[in-house]
Amino acid sequence: MPDQLIYAMEVFLNGLMAGVLYALVALGFVLIYKASGIFNYAQGVMALFAALTLVGIMEGQVPFSHLINAMFGTEIHHFGWHLPALVSILLTMAVMVLLAWAVNKLIFNHLVNQEPIILFMATIGLAYFMEGFGDIMWGADIKKLDVGLPQGINTAIDETTYGWFGYGFFIDNLDIVATVIAAILVIALVIFSQYTKQGRAMRAVADDHQAALSVGISLNFIWVMVWSLAGFVALVAGIMWGTKSGVQFSLSLIALKALPVLMLGGFTSIPGAIVGGLLIGVGEKLFEFSVGPLIGGATENWFAYVLALLFLVFRPQGLFGEKIIERV
Amino acid sequence: MLDASDEGYVTEDGRRIGGVLMEMKNITLRFGGVKAITDISFDIREGEIRAIIGPNGAGKSSMLNVISGFYVPQEGEVWYKGAKRPPMKPYQVAQLGIARTFQNIALFEGMTVLDNVMTGRLNYMKTNMFQQALWKGKAEAEEVENREFVEKIIDFLEIQSIRKTPVARLPYGLKKRVELARALAAEPSLLLLDEPMAGMNVEEKEDMSRFILDVNDEFGTTIALIEHDMGVVMDLSDRVVVMDYGKKIGDGTPDDIRSNQAVIDAYLGVAHD
């Protein structure tokens, strides 16, 4: 087998893995958009905030310690404990639920029946608030996150492929774990929305508010639930990205990469978010590999957006977006 | 007419009408400076078909929205099943067993007819979401039971052939029927119909009238409906409230209403001098 093809296969696989992470962020967008029609610009910051909180809780960091120290001249930074990863994840989830409740209570309950653009603006405000709030609460330094996920080259794959092609593929264990977790998450979400009472209520709310009210569904409950779910997805994404490249504020920018994913997959489709993520991941890696060297590289910065642009022109509802049914 | 304390009456066609199920006491509803409803009182008895009629803009829909909790009146009390109902959100009212349809149809357009009607059963699902997700024992039995009930309603309203069709594809008349099916699926104590015949042709109107009568007869459902087509209402209902400019101008049996001078004036117009 020619070397080029073998390299391309490795690039393809790595692209798939990178795509999983894009898909995870996009998934959070889809959940909220489906249920409330809000395009949540803060989804990326939510992932950052979740990761920050997780590290903070795990390491026993005192929240707002800089603020407290500056005001009272104290020197406290740590509670002095280290919590097990699982406990910290559960506690962080509780914080995300609380956040979901607060966001609904303090922001969106006051914006009922407003134009989508107003709601979108509100989420931009929320994003910047949470970025600053996360900074004050946990500090702006880059933090290491280690919840015990395996990392580094997968030797089994390396050796097997070496046996086959005489060239070992470099696949990161963390990427494999992320893929498995994302797959479980998506299956769980699909089962939840298709078969449970709360999931059906969620789809009902997404479809028509008035009708949902008339069959006895509390809009508030569903919205808090959906934001909590999005918070959970953000936490998972935050853990993956944080483990990979450290918890840092540039994490919030991955939200921007989720945009082209959504244009491809459609804003309303959970499977669409996954396929869109994988396509972007694979597409940008393969493009960089094949065309990149000819035009000076760095194509990963713009490839996804150009692809999204093409989709906007030729298939605006995305690959999996709901068909626009209209009786004429 | 009838005293609120009595035990009901028997209609000419032999249906038994029970005691008072819902009573509106001196309801006044304002939007800013505009009075939509002024000091209106009436009751709805168990098992009866009660109509609220009036010309356009008379405040009929506002009244229905007060009953179903979409509007909260500034003055007056709503009594339901013998107790005063505190101000409530629409979804809480629905959970009390008051189902409704809408004048401009509120269906889940992206779902099939069957899924739409199933949403009417959401409040009857008591197993927890893990059981439902795993489709285990009780959850499965519950789903089957609810599904059977829904199929019964679908048969009853003769919409079997469109069970799997997405609602957005249906013509107007059928959508109205699906909406009725969803409301019925909730086994309501009180069914509110907001202009069930609006925008229908004669044949569709006849169908809908028949369904309303059958529902009342078969399930004993109490029905309150709004309509401005006077002819239809007179044939359907046991008692009628007539509204005009937000005030009650008549209340009684269809025969009483036909001979009520204020009602005739409101409908035919009268010269004010």
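Biologist: What should I know about numbering and confidence before we start?
Modeller: Residues count from 1 along each chain as its sequence is written, and chains are lettered from A and ligands numbered from 1 in the order in which they are written. This is a predicted model, where local features need pLDDT of at least 70, side-chain atom pairs count only at pLDDT 80 or more, and totals for chains, interfaces and linings use all residues.

Biologist: Which domains does chain B have?
Modeller: The assignment gives domain 1 (1-97 + 188-273) and domain 2 (106-187); such bounds come from an automatic or database domain assignment. Over C-alpha atoms, the centres of domain 1 of chain B and domain 2 of chain B are 27 Å apart.

Biologist: How many residues of the two domains are in contact?
Modeller: Ten residues of domain 1 of chain B contact ten residues of domain 2 of chain B. Contact means that the C-beta atoms, placed from the backbone, lie within 7 Å.

Biologist: Which helix gives the most to the domain 1 side?
Modeller: Helix α7 (residues 202-219) of chain B, with four residues. Helices (H or I, at least four residues) and strands (E, at least two) are DSSP runs, numbered from the N terminus. By class, that side of domain 1 of chain B has seven nonpolar, two polar and one charged. Nonpolar covers Ala, Val, Leu, Ile, Met, Phe, Trp, Tyr, Cys and Pro; charged covers Asp, Glu, Lys and Arg; the others, Gly among them, are polar.

Biologist: And how many residues of chain B are in contact with chain A?
Modeller: 27 residues of chain B are in contact with 22 residues of chain A. On the chain B side, α2 (90-95), β8 (98-100) and α4 (129-134) each supply at least two residues, and α2(B) gives the most, with four. The classes there are 17 nonpolar, six polar and four charged.

Biologist: Changing topic. How many residues has the largest nonpolar core?
Modeller: 162 residues; Ala23(A), Leu24(A), Ala26(A), Ala51(A), Ile217(A) and Val226(A) have the most contacts inside it. Such a core is a set of buried Ala, Val, Leu, Ile, Met, Phe, Trp, Tyr and Cys residues joined through C-beta atoms within 7 Å. Buried means 20 or more other C-beta atoms within 10 Å of a residue's own, exposed 12 or fewer, and partly exposed in between, with C-beta atoms placed from the backbone.

Biologist: Which helix gives the most to this core?
Modeller: Helix α10 (residues 219-245) of chain A, with 18 residues.

Biologist: What about α11(A), how many of its residues are buried?
Modeller: Ten of its twelve residues are buried, so α11(A) is largely enclosed by the rest of the structure. Lys257(A) and Pro260(A) are among the buried ones. Those buried residues pack against α1 (3-36), α2 (43-59), α10, α12 (270-290) and α13 (303-314) of chain A. Just after α11(A), Gly266(A) has a positive phi of about 95°.

Biologist: Where does UniProt put transmembrane regions in chain A?
Modeller: The unreviewed UniProt entry lists several, including residues 12-32 and 176-195. UniProt positions follow the numbering used here, feature names are shortened, and annotations may be inferred rather than shown by experiment. In the model, residues 12-32 of chain A are 100% helix, with end C-alpha atoms 30 Å apart. Residues 176-195 of chain A are 100% helix too, with end C-alpha atoms 29 Å apart.

Biologist: Last one: where does Met121(A) lie?
Modeller: Met121(A) lies in helix α5 (residues 116-138) of chain A. Met121(A) counts as partly exposed because it has 14 C-beta neighbours inside 10 Å.
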